Structure formats: structure tokens, C-alpha cells
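Here are my notes for you on this structure. Please read them with the model open beside you.

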Amino acid sequence: LITGAAHRAEELGCSLAVFPEMALSGYPPKDLLEKPAFVAEHRAQLDRLAARTARMSILCGYVDKNNAARGKPLINAAALLTKGSIAATGGKRLLPSYDVFDETRYFEPAPQSLVFDMDGTRWGVTLCEDMWGENEALGVPPYALNPVAELAQTGINRLINISASPYSIQKSQLRLKTLKQLTTRYQLTAIYCNQVGGNDDLLFDGTSMVVDPDGRLVCMAKEFETDLLIWDTEESYEEITGPWPEEEESIVNGLVMGTRDYVIKCGFKKALVGVSGGIDSALVAYIATQALGPENVMAVGMPSPYTAEKSKKDARQLCKNLQITFKEIPIQRLMQGYADTLAPLFAGMPPDETEENIQARIRGNLLMAISNKFNALLLATGNKSELAVGYCTLYGDMAGGLAVIADIPKTACYRLARHINKNGEVIPKSIIDRPPSAELKPGQKDQDTLPPYDILDQILQAAVEDRLGFEEIVGLGHDPVVVQDVLRRIAFNEYKRVQAPPGLKMSSRAFGYGRRYPIARGQRIF
């Protein structure tokens, strides 16, 4: 990929091709960094890449060994490759250890940034976090070290930042704001090059850009797509002021890219979705279809005696609209088999959530069997609201290899569905209009046991993403009884979330690797 893009750039007359942080392996490689063979391969591939440079230079990120006697064994590094060799190297000075980042686990801060001269210009190179050294926009205190300020003192004319910056909603505007501050403060042009693609739960949106000394955005790459962005140092550019993609458009595109990359990188070509006639499975089926093509998506409906005819009709219509394969497997006989088998043990005990959960687990079992038989990755369909409060069943609707919308609140699912339908009905309108229901008993509605989703999602935003406590959330105007119940549910259901499949991260605070809470933590609610 690097040599191919560099060759195209050379054909277009470029003298320098810039690639993202840790471009040789992709970011984050996590504990692969603890394998000596993996680290050695970085250097071997860097040497091979350098040997291919002739008329044009390449700047890229890689992993290097720390040659100092003390400290962590590795450096998150950048190299300038030119005329067949490695001309200069430097590294990352600021190592993030918040949210999904854990770089202090592996890396020692680099002793210096990379600085080089080219075509009569002095260039300074920073890596991702290095450009946030004096900015509190990320919600973390300013660092004691400011790599950009240090580089400015050396007389650089242009700043390059190679990044692997994960996507979250409105993140690209936050990056742009930071680059504008840096370019105007230090009177230099900034070239920002960001990774694109899905790596497990993290989505990298690309959106590379160039900002001039007046703080004007003059070049911008595509979002969620591989792109070759050309900036000519001798050309005058008009400022780019928009229009920016709608938030819903970005979210859908990110989920599509993340699903595609996860399925393909895990060695699958096909995906499987259990469709119920509800909003969540409809949204996941749409995303899977966009990611893999309709020919590579299978949908399965598994109605019970409590499934409304309208739900079955909507599930069929959805699959027809998406042009995906649909199979229906009624589960009434299996439910009866479970009931008969457990009857002696459950004698004299009234039906409760146990029987409801059995239905979900029957469906999960069937879907996993189909997944095995057809070699199709099962996509879980639960949303963030349900996952937060445990309104989901372990080994049932939580079964799957990827939880596509696990970081999308229920209210946002409806917004995304309406956005998808803006140019014509794809997701049947009746799915969007109907009150949500798990349909595990007669007449069941989600709001029988949960607060209305608009209220629930506001409390979850405050508790999970803003990390507010009970009194602070009540101070926002919410019912203390409801807040207490929601916080209790969040705490109690941690054990479910650690067993859930990976979910694509879209918010500033997703469940999963970046949010680490104890499972067994007593009764006190925070």
C-alpha cells in the first residue's frame, strides 16, 4: 500500500510522500509489540521500503528499539527515507495513556522529534499526541512538554503530524481547531496525515488536512476512505469552509467501514444477522449490506408465539428492500422442548425472565449454528442503551463476533434510520414508528421496565460519557429514583459487557477497552 501510493504520488510530481503513525503495521498493534519477531520485522520492512526510494522521499511511522540503557524497550518512531536509505529518524514525545490508549505500556518517550531540511525548507515531524501538548480540548491536562513549541524554536517552516487518531463524533472539527491554533501561533503550515480503516473496535477516519499559517484549511482528504491528498508548496489555495458531512452520514459511513474491515480482516466474506422486525436489527442489516454487498449478507427471522405478525412482515420487507437472503425459522417447538425438559425442576415456580431469556438463547444458538455452517460472521444487534443497563441476554442476543451498534444509543438508532431513508424508504417506516419491544411475552414494551429512551439516553450520556455522579445527574433535572435505578443497572451489568463481542467505537466514551471498571465492586453506586 505504501509503495503503491508513493509511486502514484511520484508520477504526479511529488517530492515527499507522507504516511501515518505506525504505518508499517497499523495502529494499535497492542501486545504484538512484546514479540521480538514483530519488532524486528518493522526494521526489516523499513529497510526494504527505504531501498525503493529513488527520486522521491517517504516519511512514515514505524516501531524502533530504544537504545538507551533505561526505560521501556521501544520507541514509537518516524523515519525519513530518501535515495535508498534511512536518512533520519525521530519519535513520539508524548505518550497517551487515557481512554483506549496504553502507549506507556510499551514505549519510552523519544528523546527528540524528527527534523529535516528539504528544498530549502526546514520540516519538523510530530506524532499524533505531540500536537496536543498545550491543548485541553481532549479533556486531559496540558503536558509539561510541548513538542511543537520546541520544534518552532529550531526554526521549522512546516510542521508534519503523522497520526493514528481514532474517530469519535465531532473529532475532525476538534483536530482542525487545534491545527488552526498551532499554525497561527507559530506561523507555519501544518500537514496532518491520519490513518484510515477499522482496527478491531477502533475506527480511523483519515480526514487528513493541510492548514496554512493564517489558520486556513486549504486541503482535506476524504473521510473513511483511503485517499491521496496532494499539497503543492507553490500553489495558492482557497480556504475550505464546508459543507461538512452530516453527523448521521459520518456515523453510518464509519460503521460501514468498521464492519467491512472487521469482517474481512477476520477472514470472513459473509455476515449473518438475526432480524426481528425491530429498529436495531434493521440498522445492522443495512450497515452489513452496505459494507459487504447484498450477496454476502444472510438474515434470519426466528418468530416465537409472541412475535407480532407486523414484526414478521416488516422483517421480510426490510430484507426485500435490501435485496438480501432471508430465512425464517419459528422457535415455538424448541421453546416447548425447553419447557418440557425443565418442567420437573421448575415445578410450582411461575414463569419469569428465565423463560424470556431462554427464547433469546434459542435464537443465539440457532444463529451460531448457521454462522458455523455457512462460515458467515454473526453480527450482534444490541445498542448502547441496552448494553448499558443490561437489557440484553448473555449467550442470546449478545451472541456474535462483532457488535456493530454497541456504541449507538437507542435514540440515535432512530435518527440514523431516518437519515438512511431520506432519499426513499429502505428501512420500513413502520419499524421506525412502532414502540420498541423485545416481544418475549404478550404485549411487552421496552418501557415496561425501562425509562423512556429519550430520558434514559440523557442519563447514560451524563453517567458514561460525561462521568457525572448521582447528585450531579439529578441536578440536571432528572428524577432521583430513575437516576438511582439507571446507575445501579450500569454497575450491576458490568459482567455482561465484559463478555460482549467487540463493539465499534463511535463516542468519546465507549464500553470496552477504553472504559475499565471492576465487575465486583460492592453496593455503593457512583
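Is Arg43 buried, exposed or partly exposed? Arg43 is partly exposed, with a relative accessible area of 35%. Keep in mind that this is a predicted model.

1. **The partner of Arg43.** Arg43 forms a salt bridge with Asp64, and the closest N and O atoms are 3.8 Å apart. The pair links distant parts of the chain. Asp64 sits in strand E2 (residues 57-65), Arg43 in helix H2 (residues 36-51), and they are 21 residues apart. Asp64 is buried, because its relative accessible area is 18% and buried means under 20%.

2. **A pair inside one helix.** Glu309 and Lys312 join their side chains in a salt bridge of 2.8 Å, N to O. Both belong to helix H7, 3 residues apart, so about one helical turn separates them. Glu309 is exposed, at 53% relative accessible area. Lys312 counts as buried, at 19%.

3. **A buried pair.** Asp407 and Lys384 also meet in a salt bridge (2.8 Å, N to O). Asp407 lies in the loop between E17 and H11, and Lys384 in helix H10 (residues 384-389), so the pair ties together parts that are 23 residues apart in sequence. Asp407 counts as buried at 4% relative accessibility. Lys384 is buried too, at 6%.

4. **The salt-bridge count.** The model has 29 salt bridges. Glu21, Lys92 and Glu103 are linked in a network of them.

5. **The largest core.** The largest nonpolar core holds 47 residues. Leu255, Leu379, Ile405 and Ile408 have the most contacts inside it. Among the elements giving two or more residues to this core are helix H5 (247-265), strand E13 (270-274) and strand E16 (376-380). H6 gives the most, with 10 residues. Look at Leu255: its contacts include Leu203, Ile287, Val404 and Met506. In general, nonpolar side chains tend to be buried together in soluble globular proteins.

6. **A second core.** A separate core of 24 residues includes Ala388, Cys392, Leu487 and Ile490.

7. **Strand E16.** E16 is mostly covered, with 5 of its 5 residues buried. E16 pairs with E13 in the parallel sense over 4 bridges. Here Lys270 has Ala376 as its bridge partner. E16 also runs parallel to strand E17 (residues 402-403), joined by 2 bridges. Leu379 stands opposite Leu402 in E17.

8. **A nonpolar patch outside.** Phe492, Tyr495, Val498 and Ile519 form a nonpolar patch on the surface. Together they have about 390 Å² of accessible area. Tyr495 lies in helix H16 (residues 494-497). Tyr495 is partly exposed, at 31%.

Definitions and conventions:
Residues are numbered from 1 along each chain as its sequence is written. This is a predicted model: local features need pLDDT of at least 70, side-chain atom pairs count only at pLDDT 80 or more; totals for chains, interfaces and linings use all residues. Side-chain values use heavy atoms; hydrogens and water are left out. A nonpolar core is a set of buried Ala, Val, Leu, Ile, Met, Phe, Trp, Tyr and Cys residues joined through side-chain atoms within 4.5 Å. Buried means under 20% relative accessible area, exposed over 50%, partly exposed in between (1.4 Å probe, protein chains only). Contact means heavy atoms within 4.5 Å. Patches are made of residues with over 30% relative accessible area and no salt bridge: like charges are joined within 9 Å, nonpolar side chains (Val, Leu, Ile, Met, Phe, Trp, Tyr) within 5 Å. Accessible areas come from the Shrake-Rupley method with a 1.4 Å probe; for residues, only the protein chains shown count as cover. A salt bridge is a side-chain nitrogen of Lys or Arg within 4 Å of a carboxyl oxygen of Asp or Glu. Two strands pair if DSSP finds at least two bridges between them. Lists of a residue's contacts leave out its neighbours within four places in sequence.
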